[in-house]
Amino acid sequence: MASDSGTAVSVDSAHVGMKLQLYSFFGSSCSWRARIALNLKGLEYEYKAVNLCKREQFSPEFSKLNPLCYVPVLVDGDIVVSDSFAILLYLEEKYPEHPLLPCDLQKKAINFQAANIVCSSIQPFQNDTAVNYIEEKINSDEKFVWTRYHIGKGFAALEKLLKGSAGRYATGEEVFLADLFLAPQIHAAINRFQVDMSKFPLLCRLNKVYNELPEFRAAMPEMQPDFEKL
């Protein structure tokens with residue numbers, strides 16, 4: 001579980017011998033995925049808040065950790081890993097407790113596909129950079145139309161992909177990688193973008209299950225030390 005560093009971005013403590021550190025923003029769905037993984041694996045970590053609203057991700061200190069200036073970033077001793085997908089795979093390799101990937105090759109492939117649909121075909125079209133660009137260059141009334149279109153397209157694909165593999169969770173009776181990507185994305189679709197979820201019954205059912213899991217609930221934005229209403 002997370003402990004709050006009590007400070008904004010600082011790299012001074014990112015050295016060998018320190019416990020895991022997660023540079024995170026409470027509202028970032030990418031950071032959320034990493035928080036769920038850390039919780040599921042029972043790993044203690046220090047929460048290092050990066051306020052995206054104050055553009056702290058562009059500070060010289062943070063850009064040394066991730067030149068792309070995105071969260072999350074995981075620091076494990078002298079190893080620095082950025083990008084949520086890379087972080088999850090790193091955690092899976094080093095900390096095998098509660099595996100994030102099934103042994104079954106077909107189910108593993110479905111997990112990779114579902115995760116990739118979220119991180120490459122949905123999330124980039126809903127981040128603040130994309131939304132703000134639409135609002136500024138085209139029309140403020142169109143920004144959520146653009147986002148809802150891409151969410152809907154991705155969700156339709158996910159419904160088809162998971163139809164034959166879903167059990168209690170996305171690919172069976174255990175939580176795996178796909179679930180970590182789905183939970184934050186569905187939450188954002190419902191609560192931020194007011195997507196009509198009536199067309200996506202499987203995702204709606206999964207969302208209810210995710211909301212019951214302690215590890216998922218502890219990773220929610222409102223549970224983070226840097227949470228504030230936007």
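Trainee: So what share of the contacts with a separation of 6 or more comes from residues 24 or more positions apart?
Mentor: In this protein it's 68%, with contact meaning heavy atoms within 4.5 Å. Keep in mind that this is a predicted model, where local features need pLDDT of at least 70, side-chain atom pairs count only at pLDDT 80 or more, and totals for chains, interfaces and linings use all residues. Residues are numbered from 1 along each chain as its sequence is written, and side-chain values use heavy atoms, with hydrogens and water left out.

Trainee: How many helices and strands are there?
Mentor: The protein has 9 helices and 5 strands; these are DSSP runs numbered from the N terminus, helices being H or I with at least four residues and strands E with at least two.

Trainee: Is strand E3 mostly covered or mostly open?
Mentor: Mostly covered: 5 of the 5 residues in E3 (45-49) are buried, that is, under 20% relative accessible area with a 1.4 Å probe, protein chains only. Tyr45, Tyr47 and Ala49 lie on one side, Glu46 and Lys48 on the other. In a regular strand, side chains alternate between the two faces of the sheet.

Trainee: And in which sense does E2 pair with E3?
Mentor: Parallel, with 5 bridges between E2 (residues 20-24) and E3; pairing takes at least two DSSP bridges. Ser24 sits opposite Ala49 of E3.

Trainee: Switching topic, which residues of H1 touch H3?
Mentor: Cys30, Arg33, Ala34, Ala37 and Leu38 of H1 do, meeting Ser84, Ile87, Leu88 and Leu91 of H3.

Terms used. Buried means under 20% relative accessible area, exposed over 50%, partly exposed in between (1.4 Å probe, protein chains only).
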